[in-house]
Structures are given as structure tokens and as C-alpha cells.
Amino acid sequence: MGDMSNSSDFYAKNQRSENNHAGGFGVSVLELRSLMEQRATEAVVRVQEEYGGVEGLCSRLNTSPTEGLTSSQADLDKRREVYGENTIPPKKPKTFLELVWEALQDVTLIILEVAAVVSLGLSFYRPPGDTSVDSCGAAAGGEEGEGEAGWIEGAAILLSVVCVVLVTAFNDWSKEKQFRGLQSRIQQEQKFQVVRDGQVVQLPVADLVVGDIAQIKYGDLLPTDGILIQGNDLKIDESSLTGESDHVKKDTEHDPMLLSGTHVMEGSGRMVVTAVGVNSQTGIIFTLLGAGTEEEELKEKKDEDGLRNADHTASHPIATITTDGASAGNIGNATLINGKMQDGNMEINQTKVKKQDGAAAMEMQPLKSAEGGEPDEKEKRKVNVSKKDKSVLQGKLTKLAVQIGKAGLLMSSITVIMLVLTFVIDTFVVQGLPWLTECTPIYIQYFVKFFIVGVTVLVVAVPEGLPLAVTISLAYSVKKMMKDNNLVRHLDACETMGNATAICSDKTGTLTTNRMTAVQCYIADVHHKVVPDPGALPPKSLDVLMHAISINSAYTSKILPPDIEGGLPKQVGNKTECGLLGLVLDLKRDYQPIRKQMPEELLYKVYTFNSARKSMSTVVKQPDGSYRMYSKGASEIMLKKCNRILNEVGEPRVFRPRDRDEMVKKVIEPMACEGLRTICVAYRDFPASPEPLWDEEDLILNDLIAVSVVGIEDPVRPEVPDAIMKCQHAGITVRMVTGDNINTARAIAIKCGIIHPGEDFLCIDGKEFNRRIRNEKGEVEQERMDKVWPKLRVLARSSPTDKHTLVK
């Protein structure tokens, strides 16, 4: 990890916990840090030998693997004192004077500074007073009072430089101050699910302490280090720490070590928190990165492979912007290029826009969370050759300023030459005066005066106010965007916004509210346009549906009472599952008793949802030793795996391909045309002996019995249609790029105003998109793409690769 000498102060502070397991805890900070450095089987062996397994470690941490910590404030405060808080102190902000010094490095201002100093210095120069002015000819002709007022010119230039520097520095200082405040707010808004007093609660990430039992699920970014207590098909993306792109399978028997800053790619589980803040793996890295400029530079090559990417993003994707240079940019925290979609969260890597039209390269980075401090200082130094070259607009303006400067230099040179020639010809040719030694100082003073005039012409030609004006206008734009809840760290984002010609937006949670509600269902051979009365359904079908939804959902998904009386119930966890659980409640049933009867620890096998399966299945063991598997997933995929369906009395009947086609035509397509997402719920029974080969997924996830098809609605955000209309009036093309069913996507696009009936547009899915743009070798051809993208308005059933291909 590099030289850790700079962490000696930190170790000294925590040495007291090493010597006395403070507060009655049976393990110290340094022991936990040492434990979390172990990997795979080594970690399992060490936990088993030194602590008697995870249960023994929980016992030493005075926590319960099932009930979690108590809500005792004294206990929580003691844990924070002994093990630290889950925050990483940000790097010390630059002082105002440091920002002033940075502003002074600007090339344009350096020219002005030199001109001001030369002008001031020369204004106080006086020739010898005993010179015979009559014999020096025209050199004697100076304007009365000019000497006394000569300093004004230099002082005025210097004053303009001071104004530019102070305004620029103050803008940077205030912007940094604002973002530190925003980072603090974001930190409070980041929530994580933990068990306290036996209840699952959502807490701000900063409130997590060592000993907490945290619930983790697909899509989570782990905010602390921990050890897995129980997991279901858990896979973690550790590339941010190790650089390895392959997902790491985690289980209690082979590799239970979970590290902060990594993403949960599949599965779910529970972990005991063992390290927070500066003691976690991400915290150790940021501590090293912040050790000092010299050490950081020495470690840059080491860090570049893996550590540089260990930054946290605290944002949801808003939209993907393509500019008229066919580049990709980000609006604040909105981007898709080099991004990985993860259940509504997005990891955003640095996006670079190449040099175009003579403009310098633009380097943009997303907003970092407060947990991550300021890990982007290294990149800042790399591009800090000239602040004006950071963005496309300012690069173009700098190029313009250089061109004007060249023209100004040419004109100032011509001016000086003309003044010198006029003086020489008038004095030595027209008047015929000889060059007198005693007149030399006066001649030199005149030549200097001519030089000052030339410098003044150059100074006037260089538009020193232009960069300042641009900076102020962009800063004002940032402020306005912040009022609209657009978090913008770099001024470049405003320029990208103004340069945008297309917006490629996701649907769920961006155009819609991301609050799923079941509004229709097909059950017992009847299509119900509204949620039916439970008495109208066969008891057998209703019972299977209740168990299928309650058990075959992440137990972290639940519906809680509203915060405000009269408000909507809170949906916690996966939104689709919350919509199905809402259906259970609408049918006058409760999912909690079913879950208590079948706790997560007793689930026999779980096939978690991922982009390949597009379904989730849970196997439970029946009292007679047989097995039942509940499944749910996209209806058009699940129905292909069903060969039976529950009839009007709740008994299975044959479900043939033609029956499936009829259901698609009469049930699924009408639901999708109304903008509903259709979820099929099914099940399958297995005998006790011989036990099925659970790893043979193709055999297991087949021959299902369909129970119901549920239509779930995700309403369009009320402000979206007006926003899209404004974009279209401004000449910006809005496209929807989503993973949803094409009919659902088309219906939502019509509601949003992205497409209008009667217009010439394309609305296709990912397979058709790839068929149209790729050649026989599977390579994307620009000619084929050019035939598709101008009319493309909706891209449905698209993978992250398809989204990247479209934007790129």
C-alpha cells in the first residue's frame, strides 16, 4: 500500500485501544485492520482460529448476528470513540491566498503583470537635468505634466490585474465552499440498511459503527468493511480496489471479506461491520493519497492501476448528453460514458473530450461523495498547466485571445517601428542634427516611451476581461443550476449543456417516479383491469401468489408506513418488488407473517436477479422433504419457461405455445401499451429424492407453472413533459434508452412527449438496433449507424453496451 510512515499519528491515537480492549470490546482497531487485510481462505482460517468464527467475532464486538446493535446512544458513542466514525476527513481546502497565486499563473495575466511593472518602472525614470535641450532637437519637446502622470498607465493595468485575480480567486473559493457544504449534505442523504434492535432501519452512512449488522443487496456500494454472516449467491465487483474486472464470489466458507468502495453485482446478504472511516480499506487508501504532495507523486504509478478509481459517486444517472462534436460530456453528475449501471446507481469514470476545432481538451469528473474526500487532486495537478485550457469554450476563447494577441503584437511592433523611424527621420534628417553624447539619455527615454506605447497597444489588444467575463457568467449558471438541484462541480458542465444537441435519457427513475404500483393482473384465467377483491380469486391461486411474492423477493424490500400522515407508504429496497408487495397488501394480506414463517436463513437456494437470467427464483424445503421453487421475471421471458398455468379453480392446466401467444396478444401487449411493466409469477415443485442438480440452471428454471401476470405502473414525473417540450423547442433531440419492454417504453415515450403519433421516428429494441448497425463480422459501421440514429427516439431492451454504442 505504500509508505505508511505518515500514518504514525493515527496509530499513536489508536494504540490505547490496542493495549486495553476499550469499553469492554474484545477486539481492538488494529486487530480488525490486520484482519481485514486477509483474503479468501486465509481470512476464513484466521477468523475461525482467533475468534471462533464470525459468531465469536460478533460476540467480542458485543453485537448479535440476528438482532444487531441496540439503539443505546452511550454504546454507539463508545463505539465511535474506540473504532472511529464512518467519515474520512477531506483534504485541507486551499486558502484564499493559494487561489490568488493560482489565478496569477494565467498567461494573459502574466503579460499584463509584466506590462504593468515595465510601465510603472519607466514612469519614474528621469534623464539628467543638465542636458542642453536645445541642441537635442525634437527630443526636448515633452508634454507638460507628462512625467508626473506617467505612473497612472502602469497603475491602471496593475489594478485591472488585481481585479481579475481577486474575482477569479473569490469565485473558486466560494465554489469550493459551496461544494463542501453539498458534499456534507450528500453524505447525510446516503442511506444504508442495518439491523438495530431486531428491526431493519435505514441510517445515514456516516452513522454506521463497528458492530452494526448491515443488509446488502444487488446494486449497493459498500460504505464500510465487513465480514459476511449470511449470503445468497453474492458476487462483488472489487475492481475499484484491485483493478480486477472479474466479479468475486463471496460466501462464508471461502471468502467472506467485504471491502468498502466495492459494488454488489449479484445477490444479497448480511455482514457485520468491522472497519469504518479511515480504518476501512478505502479510508486507508485516501489517507495514503492525502499524505503529502511529494509522497503522492512517488505513489502515482502504483496508485494508477487500482487505487485511483476508488472514488465514490453519490449520484443517480440523470441523462447522457452528446454535443455537436459527437463527444460525450456530463451535466454535473449526469453521464453514461465509461459508466456502469447498477440498479439505479452508477459508477462514473473520468470522461475526456478530445481536442476539437483547435480547442483544448476538456477533462471532467463527477461529483465525489464526502466519504471520498478529495481524491481528484492528482488529476487536477496533471491538467493544471493552464486553467483556461480545461474546457472547450475556454480553450476556444484562449485560442481567440492568442490570435488577437499575435495581431496586437504585430500592430504594436509596427507602431514602435513607425514612431522610431518618424523620430529618427525628423531629428537627424529633416532637422539635420548630429547625435550628441549628452543627448543620448533623452533619446533613450524617447525610445523607451515608444516601447511603452507599443506595450500599451499590445495590452489593449489582449482581451484580459474576456476570461473573467466567461468565468463569471459560467459561475452564475452554476448557481442557477444548483437552485434547480443540478449539482455541478466543474464549470465545464455548463458549457456542455449549452453545446448539447441530443439527450439520451434512461426511463426508470429519471423520466418516471421510480415508485412502482400494481394496477392490473391476470390470474385464474381472468384479466382484471383493477386490483380484484380477494374474495373473487380462487383460494389456492391466492395462497400460492402470496407465498411466491413474499418469499421470492429480497427480504430487504418492504413497504413501511409513510413519514407524514396521509402520505404515500415508503418503498424500501427494489422498486419492482415493492410494487408486488403492494399488491399483497391490496389483496388484504400481509407478507411479514409468511417471511417470519420462512426466514431468510432457511431459504434452500436463491437464484438472484441478474441481466443474464432476467428473473429471480427462490427454493424452499417443504415439511415433507420436497422442494418448491418460486420464480418471477419479465413476462415474455418467464412464459416461455412455463408449460402449465393455474386455471379458474387454482389447479394447473396445460399451457401450450399457442396459449402463450394468445396471452401475449390479449393480456401482455394491452398492458404494455398502457405503459405497464408486466411481471410473471410462477412456481415449480421438485421431489425430495433424488435431489435436483441445482447448478443445472437450464433444467431447474424450466417447466414452470404460471400463477399470475401482474401489470406494474411507474408514473411519469409531472415535470418531465414540459422539460422535454422545452428541449425540443431549443433544438435538442430527446431519446429514451431503457431496458424495459418496447411497448412499455413506447407508451411512456408518448406520455412524456418524446414521440408524437404521425411523426417519422424509430422505436426499436436492442436486438434490432444491433442488427441494423453491425455488419456480418459484428462490427459497428458508421454508415449503418447514420441511417438509424437521426430517426431513433426509443431504444428498448437495451444493454449497457447498446447505450454506450449509441452515445459514442
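Student: Which residue forms a salt bridge with E662?

Tutor: A salt bridge here is a side-chain nitrogen of Lys or Arg within 4 Å of a carboxyl oxygen of Asp or Glu. Keep in mind that this is a predicted model, where local features need pLDDT of at least 70, side-chain atom pairs count only at pLDDT 80 or more, and totals for chains, interfaces and linings use all residues. Residues are numbered from 1 along each chain as its sequence is written, and side-chain values use heavy atoms, leaving out hydrogens and water. For E662, the closest N and O atoms are 3.0 Å apart, and the partner is K666.

Student: Where do E662 and K666 lie?

Tutor: They sit four residues apart, about one turn of the helix. Helices (H or I, at least four residues) and strands (E, at least two) are DSSP runs, numbered from the N terminus. Both residues belong to residues 657-673, helix α22.

Student: Is K666 buried or exposed?

Tutor: Buried means under 20% relative accessible area, exposed over 50%, partly exposed in between (1.4 Å probe, protein chains only). E662 has 41%, so E662 is partly exposed. K666 has 54% relative accessibility, so K666 counts as exposed.
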